[in-house]
Amino acid sequence: MPSILFVGAGRHQRAAIRQARERGLHVVAVDRNRDAPGLALADAAEVVDFVDVDAVEEVARRHAVAGALTVSADRAVPVVAAVTERLELPSIGTPVAHRMTHKLAMRRTFAEEGIPQPSFAAVRNLAEGRAALTSVGLPAVLKPADSGGQRGVFRIETPGDLESHLHAALAESPAQEAILESFVDGIELNGIVVARNGTARLLTLSDRLRPPGAGFGVGWIHLYPATIHSDQLDLAIRTAERAVTALGLQEGIAFPQLIAAPDGSVVVVEAAARIPGGQMTDLVRHAVGVDLVELALRFALGEPVPDELVEPQFSQPLAIRFLTASPGPLPTGRVTRIGALGPVLAAEGVVQAETYLALGETIRPVRLDGDRRGYVIAIAGTSVEALERAEHAAALLEVEVE
Ligand SMILES: Nc1ncnc2c1ncn2[C@@H]1O[C@H](COP(=O)(O)OP(=O)(O)O)[C@@H](O)[C@H]1O
Ligand SMILES: [Mg+2]
């Protein structure tokens, strides 16, 4: 029975670990947190901080794994690439992994390849930050060059904002590097692109709606299909595919994030080299009937990825509503009671719902991906109708706080 290594075994990796086991694979998983929920599901679990590439390599060799992958964890992407390269397993390669995780390397490649993007500058200290403000302008976005999950991402409205947030942005970067970009207003789009034999094809494109305020980068609603039309839609599809090709991904799944501006243009925010966390995978399954986890396992193992597994089977409009605090459906405060999910699941159009809430935890205003405490997925004839159904269902979850 072939073994496969999961690098990172958190909440977002659970479903994929289960699926790999059901498919007959022997799952080896590493995570630095011994309580990581995915570790309990693996055949062999090891507590290893994946920042330590040598330690991950040692685990991979000892278990003679036939492939390695990560789900959702951007910081694990270069580790997976390095370990698979060292073991001569199927690999996207470390240069591609670097370009697809390090935001400056990515932006420089996009600049060389003519991929539309915000203006940007590297920032390692306040002096560079001030210079960057002059070239990039306001409003801007400050973020760590090599992090993820909206950690250390700030909207910069004034020069003072830069001074206030630079330290926090740099602190989230292992390389102590940040990037300042012009803020692009518009509709954010998430793409799922599959690259085979060097050819990138877009599978789904969906709207990623964001809350106002400090959580401006957090996706709290996904709508499929995307709501943009005609020329801009074609441009977005082509831009997503070109971005992935420009970064050099030959075989694998990519997760480009774009912004469609009101003037009809499209810019690339970033493109990750992995399958996104649970709910984008669920989006693809419910929306077009394609199983991204199966594709990711095949890419990791170097197995063929035939057309019939990649082609959309149908196109089903849907909405994903994350459970967040106001203006989402959840209250803020310490959780004292969590009602049943049954009524949510039974609501019209709901195909999937989950909560990660625990008694005693504190629900905070939306700031990070992690402030999403569950989700509802609903289908309907249109995405707008699906969103109404998801909102209605989400409101049926009773949560009490103190
Ligand atoms: N230049 C930008 N203009 C407008 N919004 C941005 C910009 N850069 C990032 N954002 C918002 O912040 C979010 C997080 O930024 P991103 O670069 O994707 O970092 P992360 O690696 O944390 O996902 C994006 O999904 C988007 O909503
Ligand atoms: Mg992102």
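Student: Is Gln279 buried or exposed?
Tutor: The relative accessibility of Gln279 is 7%. The model is predicted, so local features need pLDDT of at least 70 and side-chain atom pairs 80 or more, while totals for chains, interfaces and linings use all residues. Residues are numbered from 1 along each chain as written, chains are lettered from A and ligands numbered from 1 in written order, and side-chain values use heavy atoms, without hydrogens and water. Buried means under 20% relative accessible area, exposed over 50%, partly exposed in between (1.4 Å probe, protein chains only), so Gln279 is buried.

Student: Which residues coordinate the magnesium ion (ligand 2)?
Tutor: The donors (N, O or S within 2.8 Å) lie at 1.9 to 2.2 Å. One is in strand β12 and the other in strand β13 (strands are E runs of at least two), 13 residues apart.

Student: What share of ligand 1 does the protein bury?
Tutor: A polar side-chain atom of Glu188 lies 2.5 Å from a ligand 1 oxygen. For Arg210 that distance is 2.9 Å. Alone, ligand 1 exposes 540 Å² (Shrake-Rupley, 1.4 Å probe), and the protein buries 97%.

Technical notes:
Donors = N, O, S within 2.8 Å, 3.2 Å for Na, K, Ca; no water. Helix = DSSP H or I, 4+ residues; strand = E, 2+ residues; numbered from the N terminus. Polar contact = N/O pair within 3.5 Å; in protein donor to acceptor, adjacent residues only side chain to side chain.
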